[in-house]
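Subject: The structure, and some notes to go with it

Hi there,

Here is the structure I promised to pass on to you. Have a look at it first, and then read on for what turned up in it.

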Amino acid sequence: MKALVLEAYNQLVYKDFPDPDVADDEVLVKVKAVGICGSDVHGMDGSTGRRIPPIVMGHEAAGVITELGKNVKEWKEGDRVTFDSTIYKLDDWYTRKGMYNLSDGRMVLGVSPGEYRRHGAFAEYVNVPQHILYRIPDEVTFTQASMVEPVAVAAHAVKLTPLAQNDTAVVVGCGMIGLFVIQILRARACGNIIALDLDDDKLALARELGAGVGLNPKRDDIRKEVEALTDGRGADLAFEVVGISETVNTAIDSVRRGATVCLVGNLSPRAEIPLQAVVTQQIRLQGSCAICGEYPNVLEMIARKEVNVDAILSAEAPLSEGAIWFQRLYNKEPGLIKVVLKP
Ligand SMILES: [Zn+2]
């Protein structure tokens, strides 16, 4: 088969690659659409240490089953499917407790952090265990289904964060995940949503997708503006979707006493926090990791058009041109948010 292979850091090559083996509890999926994730773009240059070459990246995909392992009974050839990005074990303490996203020995598709290497979906075919598959509703296209994973990441973060009707929420960072957090909050009867970003175009898109207000920290005094919108208290909840000290502090500074700040972004491994403010204002810091069971709901929300994934899609291109699109994303070309490749 053909695959887009990260042969060395910053060196993506579209080339022949061995067909995947299909284990007894796995299916072979012919990939129809696969999204380029920010973590793939950051992983390409080696800075995250989680894409050690050679590796076929890609964990946001959708396609058609073309082959069944011999223990697979519930699926058939021709089924339209998408799949979780996390491959977890069923017989695990965390999985049994309903937290498979935190289970021991879990692997992410298209990732090679050193302990394992699991080739992903920037390829014509990918093998995946049957227990991570989800059926794509008829109304949802392959391209839309390839964007389910980041929506599910956003839905997981919202699920972990206490939210009452008409609460005011701050969302720090309007990249793809931030824009999906905004849409999920809107669907969950959140009140005013205050979007923050350094890029005014992204703020405009955030407002189109459900944010009531867009603030740019380059121009606006965030604490002051949020206080003006919340009777001087601060927001009821905040989502941090960038992952550096500065934005973590902005999120903490924007909420009222007793609020929850959900931490989703993790660009930098460490961040400094205002410890005394967090303690004396009884602020809850809630980490959110990946996805834990949100796929079916999110697929239905996309089918019902409660979440608009098309608005986030910047371009679709053949997988053979993948290296060029990675470079354009790496260069942070203005206006590019999501690129989906088609093998
Ligand atoms: Zn991703």
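Let me start with a question to get you turning the structure around: is Ala 195 buried or exposed? Ala 195 is buried, because its relative accessible area is 0%. You will find Ala 195 in strand 11, which covers residues 193-196. From there to Gln 11 is a separation of 36 Å between C-alpha atoms, and in sequence Ala 195 and Gln 11 are 184 residues apart. Before going further, please keep in mind that this is a predicted model.

The zinc site

The zinc ion has three kinds of protein atom to look at: SG of Cys 37, NE2 of His 59 and OE of Glu 60 are its donors, at 2.1 to 2.4 Å. Along the chain, the donors of the zinc ion are spaced as C-x21-H-E. Cys 37 sits in the loop between strand 3 (26-35) and helix 1 (38-43), while His 59 sits in the loop between helix 1 and strand 4, so this pair ties together parts that are 22 residues apart in sequence. Cys 37 is buried, with a relative accessible area of 13%. His 59 is buried too, and its relative accessible area is 4%.

The loop that holds His 59, between helix 1 and strand 4, is also where Gly 49 lies. With a relative accessibility of 29%, Gly 49 counts as partly exposed. Gly 49 and Ala 164 are 115 residues apart along the chain, and their C-alpha atoms are separated by 39 Å.

Salt bridges

The count of salt bridges comes to 17. Side chains of opposite charge can pair when their charged atoms come close.

Arg 135 and Asp 79 form a salt bridge through their side chains, at 3.3 Å from N to O. Arg 135 belongs to strand 9 (residues 133-135) and Asp 79 to the loop between strand 4 and strand 5, so the pair ties together parts that are 56 residues apart in sequence. Arg 135 is partly exposed at a relative accessible area of 45%, whereas Asp 79 counts as buried at 6% relative accessibility. A network of salt bridges links Asp 79 and Arg 135 with Lys 76.

Another salt bridge joins Arg 219 and Asp 200, whose closest N and O atoms are 3.1 Å apart. Arg 219 is in the loop between strand 12 (213-215) and helix 7 (222-229), and Asp 200 is in helix 6 (residues 200-208), so parts that are 19 residues apart in sequence are tied together by the pair. Arg 219 counts as exposed, at 53% relative accessibility, and Asp 200 is partly exposed, with a relative accessible area of 38%.

Lys 342 and Glu 316 also form a salt bridge, with 3.1 Å between the closest N and O atoms. This pair links distant parts of the chain, 26 residues apart: Lys 342 is in strand 17 (residues 338-342) and Glu 316 in strand 16 (residues 313-318). Lys 342 is partly exposed, with a relative accessible area of 33%, and Glu 316 counts as partly exposed at 42% relative accessibility.

Patches on the surface

Which residues gather in a patch of negative charge on the surface? They are Asp 19, Asp 21, Glu 67 and Glu 77. Of these, Glu 77 is found in the loop between strand 4 (61-68) and strand 5 (80-83). Glu 77 is exposed, because its relative accessible area of 53% is over 50%.

There is a nonpolar surface patch as well, of about 340 Å², made by Ile 273, Leu 275, Val 279 and Leu 285. Ile 273 is placed in the loop between strand 14 (255-263) and helix 9 (275-280), and Ile 273 is partly exposed, with a relative accessible area of 35%.

One more pair

Finally, take a look at Ala 155, in helix 4 (residues 148-159). Ala 155 counts as buried, because its relative accessibility of 12% is under 20%. The C-alpha atoms of Ala 155 and Glu 294 are separated by 6.7 Å, although the two residues are 139 residues apart along the chain.

Happy exploring, and write back with any questions.

Best wishes

Definitions and conventions:
Residues numbered from 1 in each chain as written. Predicted model: local features only at pLDDT ≥ 70, side-chain atom pairs only at ≥ 80, totals over all residues. Heavy atoms only, no water. Patch = residues over 30% accessible without salt bridge, like charges linked within 9 Å, V, L, I, M, F, W, Y side chains within 5 Å. Areas by Shrake-Rupley, 256 points an atom, 1.4 Å probe, with all protein chains shown as cover. Salt bridge = Lys/Arg side-chain N within 4 Å of Asp/Glu carboxyl O. Lys, Arg positive; Asp, Glu negative; His and termini not counted. Charge placed at Lys NZ, Arg CZ, Asp CG, Glu CD. Helix = DSSP H or I, 4+ residues; strand = E, 2+ residues; numbered from the N terminus. Buried < 20%, exposed > 50% of the residue type's maximum accessible area, 1.4 Å probe, protein only. Donors = N, O, S within 2.8 Å, 3.2 Å for Na, K, Ca; no water.
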